[in-house]
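We will go from stop to stop, with a note on what to look for at each one.

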Amino acid sequence: MALNQLEKGYEPHEVEKKWYDFWEENELFAAPENTAEPAYSIVIPPPNVTGVLHMGHALNITLQDILCRYRRLKGDSVLWMPGTDHAGIATQNVVEKKLASEGVSRHQLGREKFIEAVWAWREESGSAIINQLKRLGASCDWKRERFTMDSGLSEAVRKVFVQLYHEGLIYRGDYIINWCHRCHTALSDLEVEHEDVDSFLYHIRYPFPDRSDGLLIATTRPETLFGDTAVAIHPDDPRYQNLPVNEVMLPLTDRRIPIIRDTYVGMEFGTGALKVTPAHDPNDFEIGGRHGLPRLKVIDDTGQMNGAAGQFSGMDRSACRQAVVEALKKNGLLEKMEPYRHSVGHCYRCKTIVEPNLSKQWFVKAKPLAEKAIAAVQDGQTRIVPEIWAKNYFDWLNNIRDWCISRQIWWGHQIPAWTCPDCNHLIVAMNAPACCPHCAQPNLIQETDVLDTWFSSALWPFSTMGWPNDTPLLKKYYPTSVLVTGFDILFFWVARMMMMGIHFMNMVPFRDVYVHALVRDEFGKKMSKSKGNVIDPLTICDQYGTDAFRLTLAAFAAQGRDVKMSEKRVEGYRHFINKLWNAARFALMHVDKGYASLPDQPLSLPNRWILSRSQTVTRTVTNALDNYHFNEAASQLYQFVWHEFCDWHLEAVKSDLYEKEGEQARNDTRCVVWHVLKNILILLHPMIPFVTEEIWHMLPGTSGSIMRAEFPDVQENRIDLDAERHMAILIDITTALRNIRGEMNLPPSLVLKCQIQTLDERIVTVVQEYGNQIQNLARLESLMTCNPGEKPPACATAIIENAVIHVPLEGVLNVDQELLRLEKELKKINTDLDAVIRKLNNEDFLGKAPDDVIEKVKSKQFALVEKHAKLQANISKIQSIHGAGAHP
RNA sequence: GGGCGGGUAGCUCAGUUGGGAGAGCAUCGGCCUUACAAGCCGAGGGUCACAGGUUCAAGCCCUGUUCCGCCUACCA
């Protein structure tokens, strides 16, 4: 009956939709708040609302989903908190672009209307990525979905800002920051990507006031010379010990600037003389600070030269560089242009070259927060897995610099700070104050800047659970169990969550941080739109099914390695899904009911064996998932299902199922197949949820969703080493016979006879009791054992441990071929034997190696010697036949 | 400049306290054997980057070399 419902090949599409809807409708993802069961919680790394699902998300989500589904099966109360972040700059860019296509700029709209437009955009397209996550099977508690701009999360942001400000951990000041002219905002150090660029090192002469030679400086940025307020040399530089004057002329201007002495200057680099531009270079800013130099800005916030650049004002900074170089050449002040490769900062959002720029910004004083974040990992409150990433985490936090958190954009959390236009008093508070506490002036002006998106993301583990309110959710699920993320946001996000979590909750935000790899293309290159090597996860799901895709990701998620993705690999796992499907199909042809327990009576060898193996696999998979060894869980199950359950167990019990061994055997085997298949489905469910749910519902004796099933425990009493040894004999004999068939080119239609010479009781037992199965597996018409020495007629032979297998092939035997086969085998044995003998002849080995190792080698030697002798005997025998045949 | 990771079969990679070199894909040969041709059976293929060292024993530990990748850094 069930067979009619099961297609011959597995078709994932409708199945996936059906079960995802079913799970949602039945609220199987919902996190319970008031349960006694242990809590297990994960907060999702919030994807950016402008984002579309890419491979990185797919891997990240799949791993989290595996963990959550696994813990649910284990009986935990699981919270997987979903949501998105508002991605200030990116979202603003997207909406501005959209408006531009309608011929409107945000400035025309004004701030309020613009923000309305962003919200409207979010309503319409912001959930796209959420639906894509669902397509992957993500079992998040969607009813709890959060957004960093929600009112609750915004309140958390304000509270954190205000408290940090009053604790002196947030301050405002004029510093050099990274400025993106295109995004028109400051960026934090982390948001700047450095890239090597081919450029020139310009050697420019700064003459002395009397027009004599002057100093030669070297720079990569001649256009900033208008902002120079000094030239610096090293105080010990012998070349400059006897300068006639202490000033030089700034080229292309009539300004004089001082020569200062500072040990920062490298005597070996360039000419040993450095132009100092405090308003456009972080180092020069510091030098300027030490020497009290003026800070002269020459590039405005749009990237154009300002009035201070004289004749060049109004020019774009890059055009100005060309123009300045030309002008210097004309004036004979450009001494040399040396090709030079150096690293230049680019905006991580739009790739524009960032400008170090003097600006008034808000900063988080990071050091005190970082110290606690370091300690928490050092003393094990939070564990970073794999451990290798802890070092990166420490390095960054140990050298942390203050975090520039203000952004000159409109979309984001507006900084809760107000200034009084009358007395200039600054007020930082949760809500807008009615009037100035200093002078009572009522019309206060709010800071127009918004906060870095990562500032709100840093609160994610507790703000999503309702903080600053004391909610049941926080009680039950904070700290979270694990954070799963890529190493690319270890600093951006993980370290900052650690700092904020510890500071505001007095508890680390997560017990474990599992850092996974980056997904690259099949050649190991980072996927990017510009390279055109992106593989769209949704296309893969459509083409191969989500389960196959998830299993591929899990199987390649080995710790500490990049995942190189290619469709070919997914294809292989699709075959596995289909294999599982067909194994289930076969099982369902025979199993017509569920079973509460396994039979009491002794079971047959294949049944005892598969139950034993199934325990070991359960243990391995459990350990693997407990330790984030996803690839091991995946490959173990792949191996077990395909190459043990399907290849050997199901094949070996076919005669049972077709009732060739009696009703009892059939019933026992049905029961075992049911149990093993059920366990396989549950073990696989975290990785391949859809197909396992589908089969689960077709399996008699199950009810409800597989999500509500119980993860199997290891039943020690089912581990049966005796059965494993005996089954190994059965497999060895079968394989040896198949090998003969294959190597001798004997067609499957030719049924063989077989005689096994042995004195080994175990082999005799296996052959006597399970001869039928071996006959089926190896296509034999007869199988018997006999004592060594009995000479069968012309036959092919194979040696296994403690036995010689004979296949009489009178009239069929190709003597040359058989001889070749045996000699190949002998060669292999000789190689192994040589190595073993060398070891055993080594006195040091015998004296120093542990006994069990020596024993192992000795028994190996024994087996090899025996095999060798038997092979040799067979070869002589064949040769004699050969001789008899060829030379009568 | 500093740091980290990697180099194992044709390809992609496993290999967890040092003791029999593995998987998937690809290749070759044979099969429509009543679950599965998205399959079954069999086979071939590796100086574990190179050179030293420690050890009875090294893919694994140590040193050096080399190639590739990534992260990070203010030397103009």
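Start by selecting Arg106 and Trp410: the charged end of Arg106 sits over the ring of Trp410, 4.6 Å from its centre. "Over a ring" here asks for NZ of Lys or CZ of Arg within 6 Å of the ring centre and within 35 degrees of the ring normal. Next, pick Lys134 and Trp142, where the Lys134 charge lies over the Trp142 ring at 5.2 Å from its centre.

A word on what you are viewing: this is a predicted model, with local features needing pLDDT of at least 70 and side-chain atom pairs counting only at pLDDT 80 or more, while totals for chains, interfaces and linings use all residues. Residues are numbered from 1 along each chain as its sequence is written, chains are lettered from A and ligands numbered from 1 in the order in which they are written, and side-chain values use heavy atoms, leaving out hydrogens and water.

**Aromatic pairs**

Rings of Phe, Tyr and Trp (its six-membered ring) pair if their centres lie within 6.5 Å; planes under 30 degrees apart are stacked, over 60 edge-to-face, and the rest tilted. The count comes to 37 aromatic pairs. Trp467 is in the loop between helix H14 (460–463) and helix H15 (472–477), and Phe504, 37 residues apart from it, is in helix H16 (residues 490–505). Helices are DSSP runs (H or I, at least four residues), as are strands (E, at least two), numbered from the N terminus. Both Trp467 and Phe504 are buried, meaning under 20% relative accessible area, with exposed over 50% and partly exposed in between (1.4 Å probe, protein chains only).

Now move to Tyr573 and Tyr638, also an edge-to-face pair, at 5.6 Å centre to centre and 70 degrees between the planes. This pair links helix H19 (residues 567–590) with helix H21 (residues 630–652), 65 residues apart.

For a group view, select Phe161, Tyr165, Trp362, Trp403 and Phe455, which ring pairs link into a cluster.

**Last stop: His590**

Finish with His590 in helix H19. His590 is buried, at 8% relative accessibility. Beyond its neighbours within four places in sequence, His590 is in contact with Leu657, Tyr658 and Arg670, contact being heavy atoms within 4.5 Å.
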